Amino acid sequence: MPVPRYFFDLHSDCLSEWDDEGTECHNSEEIAHQALAILRSVPGIDSAKHAPTVVTARDAAGRVVVTATLKPRSEARVQWAEAQLAPPDAALVHLP
């Protein structure tokens with residue numbers, strides 16, 4: 001069985017990066033891990049800017065399955081679009 005591919009788009013201030021290649025993820029934990037890794041990679045994430053940084057993950061059909069949001073000096077929030085993908089404790093995620 002092929003591993004599903006998800007596309008992770010990043011939006012922060014004036015920056016928008018659209019993922020055209022995608023990443024294979026076996027389960028919701030891998031999807032959340034990839035979204036949070038992208039949030040962590042944005043320079044200046046803890047600066048005084050007011051706009052949140054958002055990563056959305058789309059499935060191969062283009063449906064958004066998860067949105068990860070990080071506001072300055074806040075904890076990341078992960079919002080699942082489809083209940084069957086969401087692990088029971090996935091609502092709030094701490095960035096290390």
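Burial is described here by relative accessible area, where buried means under 20%, exposed means over 50%, and partly exposed is anything in between, with a 1.4 Å probe and protein chains only. This is a predicted model, in which local features need pLDDT of at least 70 and side-chain atom pairs count only at pLDDT 80 or more, while totals for chains, interfaces and linings use all residues. Residues are numbered from 1 along each chain as its sequence is written, and side-chain values use heavy atoms, with hydrogens and water left out.

We begin with the interior. In soluble globular proteins, nonpolar side chains tend to be buried together. A nonpolar core is taken as a set of buried Ala, Val, Leu, Ile, Met, Phe, Trp, Tyr and Cys residues joined through side-chain atoms within 4.5 Å. The largest such core in this model has 20 residues, and those with the most contacts inside it are Phe8, Ile31, Leu39, Val55 and Val66. Two or more residues of this core come from each of strand S1 (5–12), helix H1 (28–40), strand S4 (53–58), strand S5 (64–70) and strand S6 (76–80), and H1 gives the most, with 6 residues. The names follow DSSP runs numbered from the N terminus, a helix being H or I over at least four residues and a strand being E over at least two.

Two strands are said to pair if DSSP finds at least two bridges between them. By that rule S4 has S1 as an antiparallel partner, joined to S4 by 6 bridges, and within this pairing Phe8 stands opposite Ala57 in S4. S4 also pairs with S5 in the antiparallel sense, over 6 bridges, and here Arg58 has Val64 in S5 as its bridge partner. S4 and S5 form a hairpin with 5 residues between them, and Gly62 in the turn has a positive phi of about 90 degrees.

The side chain of Asp59 has a polar atom 3.0 Å from the backbone nitrogen of Ala61, and a polar contact of 2.8 Å joins the side chains of Asp59 and Arg63. A polar contact is a pair of N or O atoms within 3.5 Å; within protein, one must be able to donate a hydrogen and the other to accept it, and residues adjacent in sequence count only if both atoms are side-chain atoms. Arg63 and Asp59 also form a salt bridge, their closest N and O atoms being 2.8 Å apart, although Arg63 is partly exposed, with a relative accessible area of 49%. Contact in general means heavy atoms within 4.5 Å, and, not counting residues up to four places away in sequence, Asp59 touches Arg5, Tyr6, Phe7 and Val65.

A salt bridge requires a side-chain nitrogen of Lys or Arg within 4 Å of a carboxyl oxygen of Asp or Glu, and by this rule the count comes to 3. In another of these, Glu24 is joined to Arg5, with the closest N and O atoms 3.6 Å apart. Glu24 lies in strand S3 (residues 23–24) and Arg5 in strand S1, so the pair ties together parts that are 19 residues apart in sequence. Glu24 is partly exposed at a relative accessible area of 45%, and Arg5 is partly exposed at 33%.

Asp9 forms a salt bridge with Arg58, the closest N and O atoms being 2.6 Å apart, and this pair links distant parts of the chain, with Asp9 in strand S1 and Arg58 in strand S4, 49 residues apart. What is the relative accessibility of Asp9, and does Asp9 count as buried or exposed? At 1% relative accessibility, Asp9 counts as buried. A polar atom of the Asp9 side chain lies 2.9 Å from the backbone nitrogen of Asp19, and, leaving aside neighbours within four places in sequence, Asp9 is in contact with Glu17, Trp18, Asp19, Val54, Val55, Thr56 and Arg58.
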